[in-house]
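The sequence and structure come next.

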Amino acid sequence: MNCRAKTLYPFLVLTSIFFANSAIADAPSEQSVSWNRISSTKIEIEDFSSGQGQILSTYPRILQTLLNEVFGWEPDKQPKISTPPVIERNTTFFMQELMQNLSIKFDLSDTQHFRKVWFHLKPDLKVRGLFGIQDFQKKRPLIIIRMGIHGNVDEVLAERFLAKVVYEDLGANFLLLENLTSYAFVSQNQNLSFGGIDEGLQTFLILNEITKINSPFKNLLSDIHLIGLSMGGTGTFVTALLDQSNGKKIKSIVDFCPLINLEKTFDAHAQTGISQALIDLWNARRLNTVFDRYPKEMKDSQWWKTIFDLKPRFTPALLDILNRDRKQPLTSVADVEAEVKTMKWPKGFSEHLQNSKSFYELNDFWPLYQGVTTPISIVVTPKDPLVINEFNSEMIYTKKQPGDFTSVNYHIYDRGIHCGFSPVYQWSYVVDLVRKGLALTP
């Protein structure tokens with residue numbers, strides 16, 4: 001090799017390596033390409049995961065950092081809070097348990113596996129979620145998790161333990177769907193609603209979209225299960241009822257502390273008291289866009305007086321608005337039938353959607369809840385301060401709730417605040433609880 005060749009050789013080698021590495025860096029990964037394949041006009045996959053990109057949350061970022069990084073803990077590696085079953089907890093213990101419920105460590109930052117998604121159900125209606133996909137090579141169970149009140153995929157607080165169980169311990173894929181009281185939904189949709197009817201219809205339409213014959217999700221799904229938490233639990237019954245008549249695609253459902261009766265529960269929270277006042281002011285903070293949407297009604301409510309006399313005003317005023325304006329769901333009978341060409345309605349259900357006279361009446365669908373055979377497990381904890389057992393799941397357990405619940409199994413545990421199990425039970429026990437409820441094999 002001559003002198004010139006010797007000089008050029010290292011240069012050519014380095015140049016080749018540079019361009020090869022550039023090509024590798026610029027080339028989309030197989031996982032990224034797969035994310036693009038499941039995106040469509042109705043399913044908009046973002047490039048970002050929880051807390052990335054456009055963040056739609058009313059909580060300051062510092063709070064997220066404190067909960068997830070400073071106070072974050074590994075439930076499978078740390079001992080549980082020691083407490084005898086069903087005791088009157090003091091304030092210190094209550095706050096410690098509550099904090100641990102909201103600060104479980106589960107890293108959602110890897111966009112190779114976690115992506116935010118918008119489901120465009122109508123030109124004026126979209127719902128946000130978060131996918132957790134293990135890989136795009138193997139069919140796995142998909143667990144759809146309907147989040148509780150204010151549940152937001154840029155935060156993932158109360159639902160984080162469920163996402164962790166499903167993804168890390170059960171090896172399944174998940175889809176977190178935001179509650180309609182989330183800041184993302186309220187800020188991005190002009191029309192407001194929440195509760196079982198609207199969330200149940202929307203989950204049913206999303207289920208229909210991802211299970212269509214030509215759906216790119218076909219090679220990802222071995223079976224589909226549904227989890228509901230708190231307010232997110234109400235709609236799972238609506239979805240199950242509609243699914244029963246339209247292909248029965250849902251294999252099992254687990255509801256943690258589900259809200260069953262909206263009116264009775266919100267009437268109880270409208271009573272004067274410090275806990276009721278704090279919940280009401282929390283709702284006002286989380287739903288602050290309502291003040292711009294309904295300025296006169298909010299001004300007339302004089303919601304700020306709650307600070308002084310502990311009488312809730314914001315939430316009752318919002319419910320008055322919904323009872324006036326939300327007599328029919330955001331997705332009408334015609335909307336559903338346009339998407340599901342072979343739609344079969346349960347007896348009397350479409351008439352109920354079209355003829356209800358108030359928001360509360362619309363969401364009192366229980367007499368029509370008949371004939372569902374999908375296995376449903378209801379899991380509750382004692383003395384629930386948010387979803388009061390007496391007005392909700394206990395009505396099913398004591399057979400006082402209208403409807404047919406022959407496929408429902410009821411479990412009440414002796415510890416935990418509003419179905420936050422992780423601080424008070426061994427992690428393996430929590431994992432087994434979810435696995436058995438979903439009827440998944442180990």
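Asp414 sits in the loop that links β9 (408-412) to α19 (427-438). The model is predicted. With 31% relative accessibility, Asp414 is classed as partly exposed, because that class lies between the 20% limit for buried and the 50% limit for exposed. Two pairings of Asp414 are listed below.

| Pair | Kind of value | Value |
|---|---|---|
| Asp414 and Tyr425 | polar contact between side chains | 2.7 Å |
| Asp414 and Lys383 | C-alpha to C-alpha distance | 9.5 Å |

In sequence, Asp414 and Lys383 are 31 residues apart.

Next, the helix pair. The axes of α10 (residues 274-286) and α14 (residues 314-325) approach within 8 Å, crossing at roughly 60 degrees. The two helices, α10 and α14, are therefore oblique to each other. On the α10 side, the contact involves Asp280, Asn283 and Ala284, which meet Phe314, Thr315 and Pro316 of α14. By class, the residues of this contact are 3 nonpolar, 2 polar and 1 charged.

Which residues touch the most other members of the largest nonpolar core? They are Phe119, Phe131, Leu175, Phe194, Phe237, Trp345 and Phe349, in a core of 79 residues. Helix α7 (residues 196-210) supplies the largest share of this core, with 7 residues.

Beyond its neighbours within four places in sequence, Phe119 contacts Lys42, Ile43, Leu125, Lys126, Val127, Phe131, Leu175, Leu177, Ile206 and Ile210. In soluble globular proteins, nonpolar side chains tend to be buried together.

Note on methods: Residues are numbered from 1 along each chain as its sequence is written. This is a predicted model: local features need pLDDT of at least 70, side-chain atom pairs count only at pLDDT 80 or more; totals for chains, interfaces and linings use all residues. Side-chain values use heavy atoms; hydrogens and water are left out. Axes are lines fitted to C-alpha atoms, for helices over the stretch in contact, and angles run from 0 to 180 degrees between N-to-C directions. Helices (H or I, at least four residues) and strands (E, at least two) are DSSP runs, numbered from the N terminus. Angles under 35 degrees count as roughly parallel, over 145 as roughly antiparallel, 65 to 115 as roughly perpendicular and the rest as oblique. Contact means heavy atoms within 4.5 Å. Ala, Val, Leu, Ile, Met, Phe, Trp, Tyr, Cys and Pro count as nonpolar, Asp, Glu, Lys and Arg as charged, and the others, Gly among them, as polar. A nonpolar core is a set of buried Ala, Val, Leu, Ile, Met, Phe, Trp, Tyr and Cys residues joined through side-chain atoms within 4.5 Å. Buried means under 20% relative accessible area, exposed over 50%, partly exposed in between (1.4 Å probe, protein chains only). A polar contact is a pair of N or O atoms within 3.5 Å; within protein, one must be able to donate a hydrogen and the other to accept it, and residues adjacent in sequence count only if both atoms are side-chain atoms.
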